[in-house]
Amino acid sequence: MRHQLQRLIFAACVIGALNSCAGYRLGVSKPAAMAKVKNIHVPMFSNQSFHPRAEALATSAVVNAFTTDGTYRITSLDEADAVLEGRVASIQYSQLVGNRLDTALPEQLRNSVTLGWELKDSRDRGKVLMAGSSVGTGQLFVTSNLQTSRNNALPEAVERAGETMVSQLSNSY
């Protein structure tokens, strides 16, 4: 009898400790506006920057981020609960490190990509479920061909902006 009482008390303590879990929850913690959304359609983003084909990089990065996150499924428009309309709002460069002898001559740059987005109900496109913008940054060393350096560094910044966007859509914190 005493042994069973000790087991019961131990089990109650374990259940109580596991139940509290310091605020963590098992499963998905979507924002309230996204509770009924399971499938998202992502059409090609628009491009407001002067960088050619940035919209294709952004669309691909966002779809990859959704796939990696796993909270939502990417589907065709017919099966979608919501449609993510996005745009490459800007791509900016700023100097991180200047040349030792000529500080106006950059040796290392930071690129910053801003994506604007609206998630709309697929049945009623006038109803915006969520909207916002996300920023991703990257760094690049300046070589003799600056355009190639910028093109090579752009996917990293776009991926980070896409991951930030998906995090905002997937998490309620």
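Is the crossing of helix 2 and helix 3 right-handed or left-handed? The crossing is right-handed, where right-handed means that the near helix is turned clockwise from the far one by less than a right angle, and left-handed that it is turned anticlockwise. The structure is a predicted model, in which local features need pLDDT of at least 70 and side-chain atom pairs count only at pLDDT 80 or more, while totals for chains, interfaces and linings use all residues. Residues are numbered from 1 along each chain as its sequence is written, and side-chain values use heavy atoms, with hydrogens and water left out.

The chain has three helices and six strands. Helices (H or I, at least four residues) and strands (E, at least two) are DSSP runs, numbered from the N terminus. From the N terminus on, the order of the elements is α-β-β-α-β-β-β-β-α. Of the 173 residues in the chain, 35% are buried; buried means under 20% relative accessible area, exposed means over 50%, and partly exposed lies in between (1.4 Å probe, protein chains only).

Two packed helices are described by the angle between their axes and the distance between the axes. Helix 2 (residues 54-69) and helix 3 (residues 146-170) pack at an angle of about 50 degrees, and their axes are 8 Å apart. The axes are lines fitted to C-alpha atoms, for helices over the stretch in contact, and the angles run from 0 to 180 degrees between N-to-C directions. Helix 2 and helix 3 are therefore oblique to each other, since angles under 35 degrees count as roughly parallel, over 145 as roughly antiparallel, 65 to 115 as roughly perpendicular and the rest as oblique. On the side of helix 2, the contact is made by Leu-57, Ala-58, Ala-61, Val-62, Ala-65, Phe-66 and Asp-69. Helix 3 takes part through Leu-154, Pro-155, Val-158, Glu-159, Gly-162, Glu-163, Met-165, Val-166, Leu-169 and Ser-170. The residues of this contact comprise 12 nonpolar, two polar and three charged ones. Here Ala, Val, Leu, Ile, Met, Phe, Trp, Tyr, Cys and Pro count as nonpolar, Asp, Glu, Lys and Arg as charged, and the others, Gly among them, as polar.

In soluble globular proteins, nonpolar side chains tend to be buried together. A nonpolar core is a set of buried Ala, Val, Leu, Ile, Met, Phe, Trp, Tyr and Cys residues joined through side-chain atoms within 4.5 Å. The largest such core has 29 residues, and those with the most contacts inside it are Ile-40, Phe-66, Leu-84, Leu-115 and Leu-169. Two or more residues of this core come from each of helix 2, strand 4 (82-98), strand 5 (106-121), strand 6 (128-141) and helix 3. Helix 3 gives the most, with seven residues. Apart from neighbours within four places in sequence, Leu-169 is in contact with Pro-31, Met-34, Phe-66, Tyr-72, Leu-84, Trp-117, Leu-119 and Met-130. The C-alpha atoms of Leu-169 and Gly-132 are 9.6 Å apart, although 37 residues separate them in sequence.

Gly-132 lies in strand 6 and is partly exposed, at 31% relative accessibility. Beyond its neighbours within four places in sequence, Gly-132 is in contact with Leu-115, Gly-116 and Trp-117. Arg-150 is found in helix 3 and is partly exposed, with a relative accessible area of 24%. Not counting residues up to four places away in sequence, Arg-150 touches Tyr-93 and Leu-140. A distance of 9.8 Å separates the C-alpha atoms of Arg-150 and His-51, which are 99 residues apart along the chain. Ser-167, also placed in helix 3, is partly exposed, with a relative accessible area of 35%.

Two loop residues complete the description. Val-37 is placed in the loop between helix 1 (2-20) and strand 1 (39-41) and counts as buried, at 5% relative accessibility. Leaving aside neighbours within four places in sequence, Val-37 is in contact with Lys-30, Tyr-72, Asp-81, Ala-82 and Leu-129. Arg-53 is found in the loop between strand 2 (46-47) and helix 2, and is exposed, with a relative accessible area of 67%. Phi of Arg-53 is near 65 degrees, a positive value in a residue other than glycine.

Key
Contact means heavy atoms within 4.5 Å.
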